[in-house]
Amino acid sequence: MHRAETADHVMQTLTFSNLSKAYGGVPALADVSLTLTAGRVHALMGENGAGKSTLIRTIAGVVRADSVTVTRDGTDLPLHDARDAHDAGFRFIHQELNIVPQVTVAENILLGHDLPRRLGLAVNWPEVRRRARGALAALGATHIDVAALAGDLPAGDKMMMKIASALVAADGARADLYVFDEPTAALTGAESEMLFTVIDRLRAQGAAILYVSHRMDEVLRICDDITVLRDGRHVSTHAIAETSKDEIIQAMTGRDLADSYPHRREGHGSGTVVSLRNACTANLSGLTFDLSPGEILGVSGLTEAGQTRLLRMFMGLAAITSGDATFDDAPLPRDPAAAWARGIAYIPRERRESALCLEMPIRSNILLPHLHAHGVFARIGRERRDARAMADKVHLKSNGPEQPVGQLSGGNQQKVVFARALLGDPALLLLDEPTRGVDIGAKFEIYSLVRELSARGCAVILTSSDLPEVLGMCDRILVLHDGHQAHLLDRAGLTSAKLLSYFYAAREAG
Amino acid sequence: MSTLRQSGTLLGFVLIVAFFAVQLPDTFLTARNLINISQQLSMLAVVAATMTIVMVMGDFDLSVGSMASLAGIVAAIMFAGGYPVWAGLGAALLIGIAGGLFNGVLVSVLGILPFVATLGTLTVYSGAAFLISDGKTIFGRDIPEGFSGFARAGVEMGGIAIPYLTITAILVIAACWFLLEHTTFGRRLYAIGGNKEAAHLAGIKVVRLRVLAFALTGLGAAGAGLMYAARVASANPTQGSGLMLDAIAAVFLGMTMSRQGEPRVIYTLVGVLILGILDNGLTQLRVDSYVREILVGLIVIAAVAVASLSKRGR
């Protein structure tokens, strides 16, 4: 508010036009135009490779466009480098939380700024904390302790901290544009809600907001306008009120998708793959459920309520301390090697950190957990054959099995991880946030694969912070609270709102 | 770009060979000199090939030099005590495996950084070698003819004698190559080097394999120590100390030639050849040995710098 009053001019519209950028002759953006209005949230959608990242990087001045005209209320602005973008009042909040975990929240918020000093020498720490507190207060996030170590914050608070950091950057200067790049990718449902409140507040203050997300439901909910890119070209711009989910998906993919989730097959196999009776580990408790072949169980809850820990338990990474837990009528495996050997496939949450050897070929990454079946000697022919067969099955786009995985797009990297899981023809598939940072087209393919596996009798346990995904894919939903089983719900009749209310009910009961 | 990066070191190798061939037309590219080089290089080749095994996992072993010295001393002490040759060799190789296992346990089970752990065992093994030898060189009648004779003999092939030491090195290199390139064990080691966490979650027994890999490197170091002792028909507690830096340098030189900058035994061999040929050629040109050391250091730095610069450029 303060800023808007002292500013000599209040922005109305900001226009980027004739925006083009080619890499080595291949156009990443071709003559794209985008008009942003003060006090409105503008969604930018498109599949991976549609040009969203290039567009953002161009606006940020990190990538220099081949051509671009920036106009603010009829006045041209220069945009040659990151300095110009900053001076123009553009602020960026990225998907990756680039924080320095070992220092305090206050220092993170003022990172990259000249710290206030006494006599030009010693850092004036009280002033640093005061500024950081002020920035957080502007977001309504007063619960965050600025003296805490940044690494100790939950993911949601880290996001608040990054936004606060962008606000500090705007101190004294006016911020006209906030760009959010996949901000909810690392957040749970409840944390996303907090973020939306912040975005509402920024909108009310008269800033223009560019919101990039793969998640249709949140875009429909919080955005006012939407622009869709496809293959580096502008496809459409609409007011959200005048368009629909189907229309947007059609614009993004160039094809119709009747439903975001493939059809479920009714009923599943008889028998029991997994049976838990009041099973507990060091930080999970009260787990009681059975899983039949082909059944898909969703695991959900507030931030880190134990979703990942539950999956890791099945991989033998946490010992059962009391109660009974069996897989295939035998105790749970004692380490990941035993788990894979017994037909449990695991797709970890952090694809790059925990699943893939990025510099190694697709072949090696797919074969990794299945080498025990090959005996002592490695036979490259058989490895290539297996890798190719699996790559075809998941519709992997690559230059063949010897291409390093790091050269693939996020969606294709995730398909490599799926190909690995499929190779063993698993009896139990553990999926931890399987569609995070994956575009809509690849998402649908991944959902289809999960359905296909389930149809073949593979039981699936899936965690996701994307509630529509849980509802769209799962037969039953297990709600965890602080590692304790709070509810086991049938999907029939559930809605996102109802499910969210169970999370909070669990919190109050707990 | 990456092919230029990969072929740069190989090109350098060819240029070095060509340089010496022109400078030393009568003595360099002769069968006798090449055989001589291969024998001079055999110890380094064995240490570097087995060093590659741990470096594939992103680890390294600084203790190989003092392990080589210790192994030589252990064998010589056994010989001096009247034990037969096979017992001395067996004891030395067992010490190598035990020392390697110890390194592996420190690094893999206790989680100590390889640099710190093997720097520690470097001084431990070196101290042990001094302790049991009383700091003296063991030579003369204590070293049996059956042991030192091995290093002087060879297999006659077309009028040229291929020394046993060269043949041993070739066999060790072939074994390491087969292990790393054609067994699932090798595949697993490369995966550990690619991403330890991912390898563990994909069912690779990371802890066990790392211990095992260090044991093989220890075994290789002990073997090289025995080869050295046989060649000079004596053992002293510092004779292996030059091997460690050269072996690591050879693997680094090799890494500049592979597709993704990962260590490969065949490229390590090229690295060994570069270092050995430089050594041989410069000695023949009567270049001061200190100048030689400076040159070798600069070449390793230049090769790695070019590789990392072109990698960044991608």
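This report describes a sheet and a hairpin in chain A and a surface patch in chain B of a predicted model.

The model is predicted, so local features need pLDDT of at least 70 and side-chain atom pairs count only at pLDDT 80 or more, while totals for chains, interfaces and linings use all residues. Residues are numbered from 1 along each chain as its sequence is written, chains are lettered from A and ligands numbered from 1 in the order in which they are written, and side-chain values use heavy atoms, with hydrogens and water left out.

The model scores ipTM 0.89 and pTM 0.77. In chain B the mean pLDDT (the predictor's confidence in each residue, from 0 to 100) is 92, and 97% of the residues reach 70 or more.

**The open sheet of chain A**

Helices (H or I, at least four residues) and strands (E, at least two) are DSSP runs numbered from the N terminus, and two strands pair if DSSP finds at least two bridges between them. In chain A, 6 strands form an open sheet with mixed pairing, in the order S6-S9-S10-S3-S11-S12. Strand S6 (90-93) and strand S12 (233-239) of chain A stand at the edges, and because each has a single partner strand, one side of each is left without a neighbour in the sheet. From one strand to the next, the twist averages 20°.

| Helix of chain A | Strands of chain A | Angle to S10(A) |
|---|---|---|
| H2 (residues 52-59) | lies across S3, S6, S9, S10 and S11 | about 150° |
| H7 (residues 189-204) | touches S3, S9 and S10 | about 150° |

**Two strand pairs**

S6(A) pairs with strand S9 (residues 177-181) of chain A in the parallel sense over 4 bridges, and A:Arg91 has A:Tyr178 in S9(A) as its bridge partner. Strands S21 (residues 476-481) and S22 (residues 484-490) of chain A run antiparallel and are joined by 6 bridges, with A:Ile477 standing opposite A:Leu489 in S22(A). The hairpin of S21(A) and S22(A) has 2 residues between the strands, and A:Asp482 there takes a positive phi near 50°.

Patches are made of residues with over 30% relative accessible area and no salt bridge, like charges being joined within 9 Å and nonpolar side chains (Val, Leu, Ile, Met, Phe, Trp, Tyr) within 5 Å. A salt bridge is a side-chain nitrogen of Lys or Arg within 4 Å of a carboxyl oxygen of Asp or Glu, and accessible areas come from the Shrake-Rupley method with a 1.4 Å probe, only the protein chains shown counting as cover for residues. A nonpolar surface patch, including B:Val105, B:Leu119 and B:Val207, has about 790 Å² of accessible area together. Helix H4 (85-109) and helix H5 (114-133) of chain B are the elements that give two or more residues to the patch, and H5(B) supplies the largest share, 3 residues.

Technical notes:
Axes are lines fitted to C-alpha atoms, for helices over the stretch in contact, and angles run from 0 to 180 degrees between N-to-C directions. Contact means heavy atoms within 4.5 Å.
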